[in-house]
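Colleague: I would like to learn how to read the main features of a model like this one. Please take them one by one, with the general idea before the case.

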Amino acid sequence: MAELGRVVVRDPASLLPGGFWAGVAVWLERPQVANKRLCGVRLEARRSAALPRAEARGPGPSAGPTESQGRRQQGEARRKAAAAPLLSGAPEQPGKAGAGEGDFAASHLDSLWDDFSRSLAGGNRELLTFLSGSGAESQPDAQHELDVVLRTVIPKTSPHCPLGGPRKEIVVQDVLNGTVTFLPLEEGDEGNLKVKMSNVYQIQLSQSEGEWFISVLIFCPERWHSDGIVYPKPTWLGEELLAKLARWCVEGRQSGFKSTLSLISIMKYSKAYQELKEKYKGMVKVWPEVTDPEKFVYEDVAIAAYLLILWEEERAERGLTAKQSFVDLGCGNGLLVHILSSEGHPGRGIDVRRRNIWDMYGPQTHLEEGAVTPNDNTLFPDADWLIGNHSDELTPWIPVIAARSSYHCRFFVLPCCFFDFIGKYQRRQSAKTQYRGYLDFLTEVGSACGFRVEEDCLRIPSTKRVCLIGKSRTYPAAAEVSMDEQRTQYISSRRGCPMSPPGEGLGALDAAAGHALGAQAGQRGAEARPKGLWLSGFHPREKAERVRNCATLPRDFIDQVVLRVARLLLGGQQSDAGSAPRGGVEAWNRGGSLSLAEVAGELDRETLQRLKRECGGLQTLLRNSHQVFQVVNGQVHIRDWREEKLREEKELEARKTRICWFFTHHPDGCVLPSDCCPFAHGPGELRPAPAARKERQLL
C-alpha cells in the first residue's frame, strides 16, 4: 500500500464530512469532468453489503467498552452527516439498455460481491485491511453497512485509441470509515469477472487535530498498470484528481439541472458521436456562413447523435422498425436536418431566412424558406417529432403545435433565448436564475399541453445545454378535444404575463382531468376551439435580419458624432489635419474623462433619438469606434496607442488598412511615428484589406 498524496481541506462553511461524499459522487457518477478521456459512466446496480465477519480474519486488537462505544457514536454521526449525498446516486434506468437489464445487473453485482467476499475471507487479509481503512474508527470486529456500486466506465471512442473499450468496476463506499475504494474488474481464465488487484485504489477522508485531510492510496503500487485512459498514472491520481476532490468537497453548491445524457445510453451516444464527427468534420473547412464553424458543426453533430440514440431506443421500446420522421422549426443553417436526413430519418426544416449553406447539402436535404405562425394551418400531422433547436420565438409554441398536430406527435426543444407566447419571457421568481425559470415555464407549457415532459443536459459547446422532451401524453386519445380546451385556456391566460408560479393554476394540469372530461369529447367536436390564429399579437422574426449595432448608420453621421465626442474629451480644441505633435510626444493631449451620461448631455436630442433606435445607442457607437475611444465602467476616454500591443494575428494582418483617425483629426496628430502606428498616416500608406488581397490572388 502506498499513499499517492494528501491534502488539507479548508472547511470554513462546515460542509464536511457530507461535502466529501458530494465530491466522491462527482467522481463516481461524472468522472469525465476530471478525466477528459472518458465519455462518462453507467451506474449498473447498487446494494448494501458488509465485509466478512471478524472471525474469518482472525483476532483483532481489542478496545475497552467506553472507547468502543465512543467510536460507534462518532461513526454513527459521520454516517448521518454523509447520508444525503449517497442517496442522490441511482442505477441507470433499466429501460435505457433493454428490458430486464436492471434486474440482471443487480443479480450480477450480488454474484460478484459474494465471490469477492469469499476470496477475502479465504485469506486475502491485506486487501481486507485496505478496504477497512486505517482510520481511528476502523474496528475489525465491527460489522457496519457498506454501499456497493457496480459501474461501467466508458472512454471516448476514437480510432486512435485501441484501448477504448468500456471497463467495469465495483465501488465500495464506507461511510463510517470515510473511505471509497475502487475495485476494477477483469475477465479471468474461465471468462468470469474478478477484481483486478493491480489497479485497486482508495480515496480516504480523515481528521486530525481539528483539520480535515483527503488522501489517495494504491493497494499494489508496484503492479499498477496505466493505460492512460480508464486507468491514469498514479501521479495524476495523487495530484490532479486529489486537487479536484478537495475543491468539490467544499464548493457546497448543487446544480439545478440533470446530469448530462441522463435519458439515453452514454455508451451508444459516445459511439454515435464519434462516427458522426468523423463523417461530417469536413463541413468545418467549407462553412460559408459568418458564424464559427467549429462551434456550430460539432454542436449540431452532438445534437444529432443525441436524437439518433433517443429515437433508436424509442423504436426498441415501442417495437417499431421504421425510422421516425421529423420537422425542424426554425432550422437555421439546416445542418441538423442534413445530418438526420442523411442518417435515414425522413424530415424537413423550415426557417424564415434561407442560408448560403443550404445549396451545399443537395436535394436529399429538404429545407423550406417561410415564416411559421402558430395557427390551424401550421400543423404537421405526418411528423413523428417536432424539433426546436434554438428556435427563439417559436420555442414555447412547439409543444402546442406538436400536441395539436396529432396525438402521436412528440417534441424536442433546446431553448436559448427567452420568449413567451408573445414577446420576451418575463422572469417570475427571483429565487431562480432566469434560465432555470424559463425551463420551468417550458415544462409548464408542455404539461399544460398534456405531455410528460422530461429534461436532459446535452454535451455541446454552449452555456444553454438543457433540452426538454415530450415523448408521451398524460391522457388517452379519447380525451383529445377536452384537453385542447384546456390548452386554449392556458394559452389565453398567458396574455397578461407574468402569471402564477409553476405548480399553480393551469400550469400543473392533472392527467385525471383529461380522463374526467373525455366522455364529453364526442359532443363538442371540432367547435371546441375557434379556427384561425391561436393568440393575437404573435409576430415571426423578419425575413431580413435587421442589424442594430450602429453599423448601418450613415458613415458621415458616425464620423460627426465621433468628432464631437472627441472634442469634448480634448477640451474643445480644433483639429489640424495631418499636423505633427506640438511640443513633442510628451505634450500630446490625452484628453479627459466623461461619463456616458455627461457625453449624452452634450449631444442634441435628434442625435440621441437616432442612436436610441439602435441596440446599445451611444455606448455601442463609441465601443465600435475603438480606434479612438475606450469605454470602461461607463467612463469614456481617448485611447492612447502607446499603451496598446498588437497581439492577435488578425490585428497584424490589418495593419495600414485604415486611415489613422489621430493623424487626421487630433490637434497634436498621432502619438506614434508612422512605422509604429497600425493605421495609415495618409492615403499613400494604405494597404488592401486581407479579404481583398485574397480575392485578388484568386483572380
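Modeller: Start with a sheet: seven strands form an open sheet in the order E11-E10-E9-E12-E13-E15-E14, and the pairing is mixed. Strands here are DSSP runs of E, at least two residues long, helices are runs of H or I of at least four, and both are numbered from the N terminus. Two strands pair if DSSP finds at least two bridges between them.
This is a predicted model, in which local features need pLDDT of at least 70 and side-chain atom pairs count only at pLDDT 80 or more, while totals for chains, interfaces and linings use all residues. Residues are numbered from 1 along each chain as its sequence is written, and side-chain values use heavy atoms, with hydrogens and water left out.

Colleague: Which strands stand at the edges of that sheet?

Modeller: In general, strands of a sheet pair through backbone hydrogen bonds, either parallel or antiparallel. Here strand E11 (366-369) and strand E14 (451-457) each have a single partner strand, so one side of each lacks a neighbour in the sheet. From one strand to the next the twist averages 20°. Such angles come from axes fitted as lines to C-alpha atoms, for helices over the stretch in contact, and run from 0 to 180 degrees between N-to-C directions.

Colleague: How many bridges join E9 to E10, and in which sense do these strands run?

Modeller: Strand E9 (residues 326-329) and strand E10 (residues 347-351) run parallel and are joined by four bridges. Opposite Val327 stands Arg348 in E10. Helix H9 packs on the sheet and touches E9, E10, E11 and E12, with its direction at about 170° to that of E9. Contact means heavy atoms within 4.5 Å.

Colleague: And the pairing of E15?

Modeller: E15 runs antiparallel to E13, with three bridges, and antiparallel to E14, with seven bridges. Val413 stands opposite Leu468 in E15, and the bridge partner of Cys457 in E15 is Val466. Seven of the eight residues of E15 are buried, so this strand is largely enclosed by the rest of the structure. Buried means under 20% relative accessible area, exposed over 50%, and partly exposed in between, with a 1.4 Å probe and protein chains only.

Colleague: How do I read a core, and which residues have the most contacts inside the largest one?

Modeller: A nonpolar core is a set of buried Ala, Val, Leu, Ile, Met, Phe, Trp, Tyr and Cys residues joined through side-chain atoms within 4.5 Å. The largest has 46 residues, and Tyr306, Leu307, Leu340 and Phe412 have the most contacts inside it. Among the elements that each supply at least two of its residues are helix H6 (266-280), helix H8 (293-318), strand E12 (385-389) and strand E15 (466-473). H8 gives the largest share, 13 residues. Apart from neighbours within four places in sequence, Leu307 is in contact with Leu336, Leu340, Ile387 and Phe412. A second, separate core has 38 residues, including Tyr425 and Trp534.

Colleague: How many aromatic pairs are there?

Modeller: Rings of Phe, Tyr and Trp (its six-membered ring) pair if their centres lie within 6.5 Å; planes under 30 degrees apart count as stacked, over 60 as edge-to-face and the rest as tilted. The count comes to 25 aromatic pairs. The rings of Tyr201 and Trp224 have planes at 75° and centres 6.1 Å apart, so this pair is edge-to-face. Tyr201 lies in strand E7 and Trp224 in the loop between strand E8 and helix H5, so the pair ties together parts 23 residues apart in sequence. Tyr201 counts as buried at 5% relative accessibility, and Trp224 counts as buried at 12%.
Tyr306 and Phe412 form a tilted pair, 6.3 Å centre to centre with 40° between the planes. Since Tyr306 is in helix H8 and Phe412 in strand E13, the pair ties together parts that are 106 residues apart in sequence. Both residues are buried.

Colleague: Over which ring does the charged end of Lys277 sit?

Modeller: A charge sits over a ring if NZ of Lys or CZ of Arg is within 6 Å of the ring centre and within 35 degrees of the ring normal. The charged end of Lys277 sits over the ring of Tyr298, 5.3 Å from its centre. That of Lys464 sits over the ring of Tyr435, at 5.5 Å from the centre.
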